[in-house]
Amino acid sequence: MDFKKSNQIAILGSGNIGLSLAKGLAQSGLYPASSITLTRRNIEALDEYKFQGFQVSADNVSASAQADIIVLAVLPQQLNQVLDQIAGQIDVSKHLIISVISGVSCEDIRNRLKKDVQVVRVMPNTAIAIKQSMTCISVGNASQENIELVKNIFNTVGICVVINEELMTSATALCACGIAFFLRSIRAASQGGVEVGFHAGEALKMAAQTAKGAADLLLQLASHPEHEIDKVTSPKGCTIAGLNEMEHNGFSSAMIKGIKLSAQKAGELYDKD
Ligand SMILES: NC(=O)C1=CN([C@@H]2O[C@H](COP(=O)(O)OP(=O)(O)OC[C@H]3O[C@@H](n4cnc5c(N)ncnc54)[C@H](O)[C@@H]3O)[C@@H](O)[C@H]2O)C=CC1
Ligand SMILES: O=C(O)[C@@H]1CCC=N1
């Protein structure tokens, strides 16, 4: 199968992640807006995207028939209805299915759709809208050519890694939910900043840039967090005082427990029947 840039993508379920993906793809230049069909039940909510050149539709069946790549981006509890709708349209020699749905295996989708259709499971995060997603991929039964195609797409809108499918719910917690966890940390830091004297707007900007700098220290220097922390904590200084106070209040423990619970919950979202 030869998927070219001009080929058609249908995103079934254009909510938060579906639209973030659409924005990232169009911004990347890999797929122009005109090659992407966005579906949802109430298409008036997509007027802004129609204006930007995306195709919009309430009809999953015709959108799937016209597409080469079908992205499943509805909630787990909405999936079976969508799969049953489009099953008759699936052409195994043409279609590639990309599912971003948490807790649903490639096999679950093949069992409901068509046994031999190629399905890849992908877990992006909302930073895909600005081409900064950490995306995990499990390749299912896809051909090497389609695996390369999917890797190319998700490397264009961020960074992707291929992982075993049994780790996909863990990836959901760490990377997809992770966006919310880090955003809440930044928000909390900004609230601390207000307590020590800054206006809310400037505190948020200062906290966000500080978080970005911390992440880039790790990414650009391939450094370990504790190595970088050791450089900040002067003996008897204010950093270690603040850091230890946070740890006494369960900072690391709260993050670890939250990620574990999210991963567990991600595995319980889909009811096959
Ligand atoms: N929000 C996120 O950051 C991420 C979400 N996911 C997964 O993506 C999926 C969607 O999540 P969200 O975007 O957060 O949910 P959402 O509720 O914002 O989006 C789902 C969209 O599907 C539409 N929809 C429902 N039934 C439909 C149907 N029959 N035909 C067409 N459209 C239909 C809804 O109107 C809604 O716009 C979930 O399965 C979630 O696990 C995966 C990675 C990240
Ligand atoms: O909260 C959720 O269930 C979805 C999956 C990952 C991010 N949002």
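Is Pro76 buried, partly exposed or exposed, judged by the other C-beta atoms within 10 Å? Pro76 is partly exposed because 16 other C-beta atoms lie within 10 Å; a residue is buried with 20 or more such atoms, exposed with 12 or fewer, and partly exposed in between, the C-beta atoms being placed from the backbone.

The model is predicted: local features need pLDDT of at least 70 and side-chain atom pairs count only at pLDDT 80 or more, while totals for chains, interfaces and linings use all residues. Residues are numbered from 1 along each chain as its sequence is written, and chains are lettered from A and ligands numbered from 1 in the order in which they are written.

An unreviewed UniProt entry places a "binding site" at Ala73, Val74, Leu75 and Pro76; such positions follow the numbering used here, feature names are shortened, and annotations may be inferred rather than shown by experiment. Ala73 lies in the loop between β4 (69-72) and α4 (76-86), whereas Pro76 belongs to helix α4. Helices (H or I, at least four residues) and strands (E, at least two) are DSSP runs, numbered from the N terminus.

Ala73 counts as buried because it has 29 C-beta neighbours inside 10 Å. Beyond residues within four places in sequence, the contacts of Ala73 include Ile11, Leu12 and Val100, and those of Pro76 include Ile101, Leu269 and Tyr270; contact requires C-beta atoms, placed from the backbone, within 7 Å.

Strand β4 is part of an open eight-stranded sheet with mixed pairing, ordered β3-β2-β1-β4-β5-β6-β7-β8. Four bridges join β4 to the parallel strand β5 (residues 96-99), and Leu72 has Ser99 as its bridge partner in β5; strands pair if DSSP finds at least two bridges between them.

Conventions. Contact = placed C-beta atoms within 7 Å.
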